[in-house]
Every structure is written in C-alpha cells, then in structure tokens.
Amino acid sequence: MASAQQRGKVFEGELKRSMEEAGVLVHRIRDGRVAAGYGQAMGLKNPCDFYAWAVSGERLVAVAIEAKAVGVPRLPFENVQPHQVEALAQFDLLHKDMKAYIAVNFYDTNSIRKLNRCFMLPIADYEEALQGDAKSVPLAYFEERAVECPRMKGQLYDMSGWRDSLWR
C-alpha cells in the first residue's frame with residue numbers, strides 16, 4: 001500500500017488528468033525547494049496545487065485548487081495550511097469568475113477499491129467549517145456541500161458536474 005504522501009501525489013496526477021479530460025486547462029504548481037546555503041534547502045510555500053481555466057462560449061473562469069488525499073472519513077484541518085486557506089480565499093474574492101476549491105480524495109487505506117471518492121469543496125464552505133470547535137471536516141459535510149466527482153473507468157474522475165457548476 002502506498003504511503004499517505006505517495007497517495008496524495010497519485011491523486012494530484014489523477015485529478016489533473018481528469019480535469020484535462022473534462023476540457024479544463026490545468027497548470028500544476030510544483031512543490032519547490034530553494035537553496036538556503038551551506039548545503040541546506042528549504043521548501044517554498046505554494047498557495048495551491050493547481051491553477052485551472054475553463055471556457056464556455058465567451059466566458060472564462062479561473063480556478064485555484066488545493067488537493068488532499070485522506071485515508072480517513074474526514075479532512076483534518078491540519079492538512080490544509082493557513083497560508084493556503086488565505087491564498088485560496090483571496091483568489092476566490094478577486095472576481096466573480098475566479099473560484100477556489102479544496103479537492104479531496106477519501107480512500108480506504110486497506111483497499112482503494114472499497115472507498116475512492118473525490119469531492120470539490122468551495123473554499124468559502126471550507127472556511128465556514130473552520131469556524132466551529134471541530135478539528136476536521138467530516139465526509140458527511142462534503143456529501144452535503146461539495147460537488148462529488150464519481151470515479152470512472154481507469155484512473156479518472158468524472159469532473160463534468162464540477163466543471164458545469166463553475167458557470168453558476
């Protein structure tokens with residue numbers, strides 16, 4: 001079984017291919033490292049994992065997405081860094097045609113075939129969940145508030161429902 005970090009990278013690849021399959025132009029922001037001197041390196045704080053663009057007629061929607069894969073039926077708040085929430089929220093507020101999401105893959109750590117669900121949660125809904133005393137966002141919250149992208153044959157998710165929601 002893949003480690004949580006490996007599963008996260010697998011999900012990012014599947015998500016990117018799935019969005020491209022749905023006609024969305026996607027740019028993956030690579031996790032960066034810069035030299036800090038004396039043979040040391042430090043990580044860069046990326047605002048999100050992807051920027052994406054979807055077109056319908058004359059309208060263009062820009063999207064910022066942070067992707068997370070979790071092997072439990074909840075998304076712990078500690079999995080999304082404060083600078084990411086802030087960057088996504090700012091992006092979302094810039095213009096009516098700029099939207100930000102947390103993409104979450106809920107999977108079963110013993111068998112990916114038993115549970116493998118993808119949800120696209122608007123950042124405003126994630127921020128609302130942060131307001132309580134809980135330490136995580138339960139799967140049920142995603143089922144109520146997010147757009148589910150069902151698993152298709154192969155290693156893809158059906159992103160058409162999410163893509164169509166961008167025009168609302």
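These legends describe close-up views of a predicted model. Local features need pLDDT of at least 70, side-chain atom pairs count only at pLDDT 80 or more, and totals for chains, interfaces and linings use all residues. Residues are numbered from 1 along each chain as its sequence is written, and side-chain values use heavy atoms, without hydrogens and water.

**View 1. The open six-stranded sheet.** The strand order is S1-S4-S5-S7-S8-S10, with mixed pairing (strands are DSSP E runs of at least two residues, helices H or I runs of at least four, both numbered from the N terminus; two strands pair if DSSP finds at least two bridges between them). S1 (25–28) and S10 (147–149) are the edge strands; each has a single partner strand, so one side of each lacks a neighbour in the sheet. Twist averages 25 degrees from one strand to the next (axes are lines fitted to C-alpha atoms, for helices over the stretch in contact; angles run from 0 to 180 degrees between N-to-C directions).

**View 2. The S7–S8 pair.** S7 (residues 98–107) and S8 (residues 116–122) run antiparallel, joined by seven bridges. Val104 stands opposite Phe119 in S8.

**View 3. Helices H1 and H3 on the sheet.** H1 touches S1, S4 (50–56), S5, S7 and S8 (contact means heavy atoms within 4.5 Å). The direction of H1 makes about 155 degrees with that of S5. H3 (residues 123–130) touches S7 and S8, and its direction makes about 90 degrees with that of S8.
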